[in-house]
Each structure stands twice: as structure tokens, then as C-alpha cells.
Amino acid sequence: MSAMLCADGAGALAFFLPDANLSHVEPLGQGNINDTWRADLADGTRWVLQRLHPAVFPDPGAVMANMRIVADHLARRPQEPYVFFRLAVNPQGRDYWLDSSGCCWRLLTHIDCSRTLGSLENPTQAREIGRLLGRFHLLTADLDPATLADPLPDFHITPRCLAQYDAVRAGLQGRAREENPQEDFCFELIETLRPTATILEEARGGLTLRVIHGDPKAANFLFAADSDRAISLIDFDTVKPGLLLHDLGDCLRSCCNPRGESHADPAGAVFDPDLFEAVMNGYLEQAGPLPTSADQALLATSAAVISFELGLRFFTDHLAGDRYFKVERPGQNLHRALVQFHLHQSIRAQQGDLERRLAALTR
């Protein structure tokens with residue numbers, strides 16, 4: 001029943017569904033930021049209840065306004081064979097609720113008969129993800145980025161992530177610490193990769209600016225429960241104006257890492273070129289006209305930059321005491337950072353091959 005839901009969660013459900021008869025509620029997914037539950041009603045209806053992380057999203061009104069604009073825009077477009085969630089509203093037409101501590105709660109329609117993948121298992125899944133991301137970009141191509149707020153101004157601006165790391169590290173200067181070879185590896189690699197941080201920003205003027213999803217990692221694509229067919233893209237917290245390469249780079253660095261982001265051996269993280277080719281084959285099938293020649297020239301590089309950026313964010317959070325990303329054990333953010341840094345190295349080692357494969361697809 002509802003024993004697993006806190007009092008504020010019960011209050012949120014009552015806000016949205018004051019007359020509903022709740023039969024079951026359980027945690028849903030394994031997100032690094034928000035808390036999510038699936039709420040089943042006695043009439044068989046299922047909903048997704050979420051609490052936004054207040055430290056990550058200090059302006060929930062802007063997050064919800066963006067989500068509302070994009071969700072409503074998608075609802076007015078032909079979606080087949082895909083389906084996107086809708087925001088629930090309470091009887092007064094409001095689509096989010098703030099509890100007594102200021103945390104933001106929302107309720108979304110549940111995508112039934114679906115499953116998520118922590119990592120991809122075959123090129124068919126990769127191609128399906130590419131096709132769905134391409135469709136999302138096509139469906140939002142006529143949505144003016146200026147209509148969206150930027151609730152996370154530092155998100156995917158890699159030099160700012162580097163500045164945040166520098167500030168945290170400077171605060172640690174002079175403090176005694178135990179020798180940690182994994183931390184030392186990260187410190188040294190960040191210094192080596194420091195020039196990488198500015199690549200996309202320096203090229204920004206010639207790249208495609210548009211509405212982006214912001215976090216198109218493998219786990220944010222829903223697949224049919226009984227097949228390798230992608231059916232939905234979820235988690236619109238990060239929709240915002242951004243570069244097309246922010247989405248493509250993030251999708252590629254996640255989906256082309258078949259060992260996943262929690263693999264026991266970070267040094268074994270490998271970027272799979274066959275999955276890269278499959279993702280881009282599916283994407284170009286749907287959204288071929290969208291990436292310009294300038295975007296294509298930096299496509300493989302963007303995956304490396306985003307891998308570096310995410311590793312930097314994980315490592316910064318590790319140094320700061322795990323304040324941003326949820327952790328289940330000490331050192332988990334360090335482990336996540338190591339996976340991304342080794343993935344970056346794998347991408348760079350194969351960059352020539354990746355660029356040749358992309359050229360063949362776009363020829």
C-alpha cells in the first residue's frame with residue numbers, strides 16, 4: 001500500500017488526485033538526482049510521482065515551465081510509433097506542488113508495458129535510440145529555444161564545470177588526505193584534459209543551437225516490455241536551449257558504453273564503435289537534415305567532451321562530499337568519475353575510425 005511513501009508524498013498525491021483510491025506505491029527507477037515512485041490506483045491507473053532534488057533544481061518553477069512547454073508541444077504533434085508522458089494537473093489546473101520544506105512534487109502519466117536498460121546489448125537497441133532521439137529533435141525543431149528558460153545555466157558548459165572543480169579543489173588545499181591512487185589519476189588526467197573543456201564553447205557560434213533534451217542517456221529511453229523497440233523518451237528536467245551536439249554527445253557517450261556506468265572495473269570502460277554507428281544510423285534516418293557539416297565535424301569530439309564533463313562533475317561531487325548525485329556507498333562518485341574518464345580515453349583512441357564511419361553514413 002502507501003507505507004513506503006512519506007507524508008509529503010501522500011500530500012502530493014492528495015493535491016493532484018484528491019478523490020483517488022491508492023492501492024500500491026513503490027520506488028521506480030534508479031535515478032542519480034530525483035526521487036521517483038510508481039503509484040497504482042484501485043481502478044488500475046498508474047502514475048509516476050516525483051520529488052525534485054531542491055539543491056540541484058533551485059528554481060522548480062522554471063523547470064516545470066520548460067517541461068510543460070515541451071510536453072504540450074509534443075502532444076500537438078504526430079507521435080506514432082512513440083508516446084510521451086503528460087503532466088497531471090490538480091482540480092485547479094496546477095501541475096506542481098511545493099511541500100512545507102519547499103521541495104517540488106509532480107505527477108506524470110505512466111508509460112505502461114515498458115522497460116529501461118542500464119546499458120545497451122546490441123546494435124538494434126542503439127539504432128532504436130538514435131531513431132527516437134532524432135524524432136524528438138524533429139518534433140521540437142519548430143519550437144523556439146528562446147521560449148524556454150535555462151534553469152541550469154552551467155549544465156553542459158564544460159568550462160564552468162572545470163571552474164567549479166577548481167574552486168572545490170582550492171578549498172581542499174592544505175588539508176591532509178590519505179594517499180589515493182584513483183584520486184591521483186583523476187587529478188592528473190583533469191590537468192591533461194583541461195584544454196578539452198573549451199572545444200564546444202569556442203565553436204558554439206558555428207554550431208546548431210536548438211531545444212535539447214539535455215540528458216538523453218540510455219536509462220532515459222523506454223523500450224517495449226517484450227521487444228527491442230524504443231517507445232518513449234523520459235526525464236525532461238533538463239530540457240533547455242543548447243547545442244545539438246550536447247544531446248548527441250551525451251547520448252553517444254552513454255549508449256556506446258556497453259559495460260554501463262557502474263561497471264566494476266572503470267579501466268575496462270570501452271566506447272563501442274559499432275554501437276556508435278548504429279545510433280547515428282538511426283538518428284540520421286529520422287533527423288538527417290538537422291546536423292550541419294560543422295556539427296558533424298565535432299560529433300565524435302562532443303562525445304569525448306561530454307564524457308570528460310560528466311567525469312569532472314562526478315569527481316567534483318566526490319571531493320565536495322557527495323552533495324549533488326545520490327550515492328549508496330562511499331566512493332561511488334569517484335567510481336563513476338573513473339568510468340567516464342576511461343571512456344573519454346577510449347573515444348579519443350578511436351576518433352579517426354568514428355569519424356570515418358560517420359562520413360560513410362552521411363555520404
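# Helices, loops and their contacts

Me: Which residues of helix α2 are buried?

Reply: In this predicted model, the buried residues of α2 are P60, A62, V63, M64, N66, M67, V70, A71, H73 and L74. They pack against the strands β4 (97-98), β5 (104-109), β7 (209-212) and β10 (240-243), and against helix α3 (123-139).

Me: How does helix α8 do when set against the same rule?

Reply: Helix α8 (residues 273-287) has 15 residues and should span 21 Å. Its end C-alpha atoms are 20 Å apart, which agrees.

Me: What makes α8 a mostly covered helix?

Reply: A residue is buried when its relative accessible area is under 20%, and 11 of the 15 residues of α8 are buried. Among them are P273, L275, F276, Y283 and L284. The buried residues of α8 pack against α3, α7 (244-255), α10 and α12 (351-362).

Me: Which residues make the contact of α5 with α10?

Reply: On the α5 side they are E183, C186, F187, I190 and L193; on the α10 side they are F308, L312, F315, H318 and L319. By class, the contact has eight nonpolar residues, one polar and one charged.

Me: What is the relation of α4 to α5, and why?

Reply: Helices α4 and α5 pack at an angle of about 135 degrees, and their axes are 13 Å apart. That makes α4 oblique to α5. Their crossing is left-handed. L162, Y165 and R169 of α4 meet F187, I190 and E191 of α5. Of these residues, four are nonpolar, none is polar and two are charged.

Me: Why is T158 called buried?

Reply: T158 lies in helix α4 (residues 158-172). Its relative accessibility is 3%, so T158 counts as buried. Leaving aside its neighbours within four places in sequence, T158 is in contact with A197, V305, F308, E309 and L312. T158 is also 6.8 Å from T198, C-alpha to C-alpha, although the two are 40 residues apart in sequence.

Me: Is F325 buried or exposed, and how do you know?

Reply: F325 is found in the loop between α10 and α11 (332-349). At 7% relative accessibility, F325 counts as buried. F325 and F314 are 11 residues apart along the chain, and their C-alpha atoms are separated by 7.6 Å.

Me: What is worth noting about the phi of C113?

Reply: Most residues other than glycine have a negative phi. C113, which is not glycine, has a positive phi near 55 degrees. C113 is found in the loop between β5 and β6 (114-115).

Me: Why is C113 called exposed?

Reply: Exposed means a relative accessible area over 50%. C113 has 62%, so C113 is exposed.

Me: What makes D235 partly exposed?

Reply: Partly exposed lies between the 20% limit for buried and the 50% limit for exposed. D235 has a relative accessible area of 26%, so D235 is partly exposed. D235 is found in the loop between β9 (230-233) and β10. Phi of D235 is near 65 degrees, a positive value in a residue other than glycine.

Me: What kind of peptide bond joins E80 and P81?

Reply: Most peptide bonds are trans. The bond that joins E80 and P81 is cis, with omega at about 5 degrees. P81 lies in the loop between α2 and β4.

Technical notes: Residues numbered from 1 in each chain as written. Predicted model: local features only at pLDDT ≥ 70, side-chain atom pairs only at ≥ 80, totals over all residues. Heavy atoms only, no water. Contact = heavy atoms within 4.5 Å. Helix = DSSP H or I, 4+ residues; strand = E, 2+ residues; numbered from the N terminus. Nonpolar A, V, L, I, M, F, W, Y, C, P; charged D, E, K, R; others polar. Buried < 20%, exposed > 50% of the residue type's maximum accessible area, 1.4 Å probe, protein only. Axes fitted to C-alpha atoms, helices over the stretch in contact; angles between N-to-C directions. Parallel < 35°, antiparallel > 145°, perpendicular 65-115°, else oblique. Left-handed = near helix turned anticlockwise from the far one by under 90°. Expected span 1.5 Å × (residues − 1).
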